[in-house]
Amino acid sequence: MEMPFYVRLASLFPSVVQPEKRLTLKEKLKWTAIVLVLFYAMGSVFIYGIEPARLPELAFYEIIFGSKIGSIITLGIGPIVMASIVLQMLVGSKILPWDLRREEDRIKYNAAQKLLIIFFCFFEAITYALGFVRPVSPELFPIVVLQMVLGGIIIMYLDELTTKWGIGSGVSLFIAAGVAKTIFLRLFLPQIEIAGRAVQGVLFAFVRYFFMGDVWNSIFSILPLISTLLVFAVVIFAQGIRVEIPISFSFAFGRLPARKWPLRFLYTSNIPVILAVALLNSLTLFARVLYERGIKWLGVFNEEGHVVGGLIYYLSPPRDMTLAFCIILSLTLGLSLGLFVLKKYKKYGLRATIIGSIVGFLIGYIILFLNQQSLPYPLFRFNVLLRAFTYMLAIGLLSTIFSVFWVITAGMDPKSVAEQFKSAYLSVPGFRRDPRIIERLLEKYIPPLAVLGGLFVGLLAGVADLTEALGTGTGILLTAIIILQFYEAIMMQHLEDIHPAIRNFIGR
C-alpha cells in the first residue's frame, strides 16, 4: 500500500537508527551523558544579532520547555511538546482514526509528528523574533529565525537519540536538566539573576548570616531549600498512592493469572499544572502588551517588568518571606501530624493533616508577630494573604479543569480505556469482557482521580511558588516526577545491570 505524501516527505529527513542489540545500563548512561553535555553546551551558544532585552515572565518558559532564552536553544522542547499535544489530542479524540498498535498507523504518526515539529520550529522562531528575541536590525531577522530553527531541529534529534539510545526521553531529560541547573546555581553561587531580579545564593546567604549571628535572616535564607525538599517528599509520597484494579489476559484457550493494574492518584501527571501556569503566564505577557499601549486594567508593571497592579496582580504569587515561613511551618506540622495519625487511625489522617496545617500556620504567625522588631522583613498584611488566596484558587481551578479536559481528549477517559482493555484481551475477574461493564467500573475511579489529582498538583505547585522553592513550583513538580520515572525505568529494565551493593541498598 502506498504511503501518504507526508510520510514520503518525512522520510527525506534523516533519523536516528535503532540499536541492533539490547543496550546495557552503562551504555545508556553514556549516551544520556553525551546528550546532556551537548544540551548544556548549546545553552552557552548565544544567537547572533539580537537585542539583550529580557522579560521576567519568560523565565517560566525556560523551565517547562528546557530552553535558554537568547541562546541557540531558545525554543527548547517547545516544538516537540506542541506537536505531541496536537497529535495526541487528534488521535485520542478519534479525529485522526489511527490505531497505534498497527505498524502502518505508527509510521503515519511518527511522520506527522516530525513534520509538525519542524513546522512549530519555524512558527515559534518567527513568534519569538517578532516579540521577545528581537533582531538589532530588520536585515538580521531571517538569520535570527534560522538560528533558532536550527537549535530546535538539533533538540529534536537529541530527543530521538535519547529515546532510542539513552534512558527515558530527551523531553524529560532536558526539563530535569534545566531545573537541576537552576537549583544548583541557586544553591551554590553567591548571587544569581532570576526573572530579572538578583537573588543571593541560598547556602552562601545562610552561612554568611549564620556567622554574623543574624538568626532571622539565616532562617529566611534557608526556607527555599526546605520548601524544595518538602515538595519533593510530597510528590514522592503522592506518586505511591494508587488504586489497583485486578486484571487478567483472556484468550481462547483460557486466562492467564491475574495481576494488578495501578491507577495512580496523579492520573494526569503534571500536564494540568503545566497548562494552567502556561495560561497564567500568557495572560501576564498579554497584560504587558496592553500596558505598553496604555491599557492598565489587566496589569500594571514597574520598571523591572514585575506586575504591581491590575487583575493579573491577583493571579500571580506574592513574594513574601514571612508568609513563606508560616506556610512551611504549616506544611511541616500538618504532614507530620497527618502521617502520625494515619498509622494508628486511618480514617482520621486527612482531618489531622488539615488541623495540623491550620495550627502550624497560626503558630508561625504568632512567632513572627512577637518578633516583629527583629524581623528583616515586615510581617505580611491582608493584601498579601488575598493575593495568595486568589493565586491558589486560580491555579487549583485551572489545573482541575485542564486535568478533566486532558482525560477526555487524550483517550484516558473510562470509555477509551475500556476499549483498550478489550483490544488487549484484558478483563477484570468477576466481570464479563464487555466494554460497557468495564467502563462502568472505571467510572468509579478515573473521573475522581482526574479531579483530585489535577487539584492536588495545582495546589502543590502554588504552595511551592509561594514559598520560593528553588526552580519554581512547576519546575520542582516536573523534576520530581521525571526523576521517579527514570528510577522506575531503570528498575524495570536494568535491575540486573546494577552493582549488587547498590541493588541491595535501594532494595528490589
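# Buried residues, a helix pair and nonpolar cores

Cys-121 counts as buried because its relative accessibility is 0%, where buried means under 20% relative accessible area, exposed means over 50% and partly exposed lies in between, for a 1.4 Å probe and protein chains only. This is a predicted model, in which local features need pLDDT of at least 70 and side-chain atom pairs count only at pLDDT 80 or more, while totals for chains, interfaces and linings use all residues. Residues are numbered from 1 along each chain as its sequence is written, and side-chain values use heavy atoms, with hydrogens and water left out.

**Cysteines**

- Cys-326 is also buried, because its relative accessible area is 0%.
- The structure has zero disulfides, a disulfide being a pair of cysteine sulfur atoms within 2.5 Å.

- Glu-124 lies in helix 5, which covers residues 103-131, helices being DSSP runs (H or I, at least four residues) numbered from the N terminus.
- With a relative accessibility of 13%, Glu-124 counts as buried, and, when residues up to four places away in sequence are not counted, Glu-124 touches Leu-75, Gly-78, Pro-79 and Met-82, contact meaning heavy atoms within 4.5 Å.
- Phe-421 belongs to helix 14 (residues 414-423) and is buried at 5% relative accessibility.
- Apart from neighbours within four places in sequence, the contacts of Phe-421 are Ile-247, Trp-261, Leu-426, Val-428 and Ile-438.

**Helix 6 and helix 7**

- The axes of helix 6 (residues 141-165) and helix 7 (residues 170-188) come within 8 Å and cross at roughly 110°; axes are lines fitted to C-alpha atoms, for helices over the stretch in contact, and angles run from 0 to 180 degrees between N-to-C directions.
- Helix 6 and helix 7 are therefore roughly perpendicular to each other, a description that applies from 65 to 115 degrees, whereas angles under 35 count as roughly parallel, over 145 as roughly antiparallel and the rest as oblique.
- Helix 6 contributes Ile-155, Leu-158, Asp-159, Thr-162 and Thr-163 to this contact, and helix 7 contributes Gly-170, Val-171, Leu-173 and Phe-174.

**Nonpolar cores**

- The largest nonpolar core has 118 residues, and those with the most contacts inside it include Ile-155, Phe-174 and Phe-220; such a core is a set of buried Ala, Val, Leu, Ile, Met, Phe, Trp, Tyr and Cys residues joined through side-chain atoms within 4.5 Å.
- A second, separate core of seven residues includes Leu-290, Phe-301, Val-307 and Ile-312.

Definitions and conventions. Helices (H or I, at least four residues) and strands (E, at least two) are DSSP runs, numbered from the N terminus.
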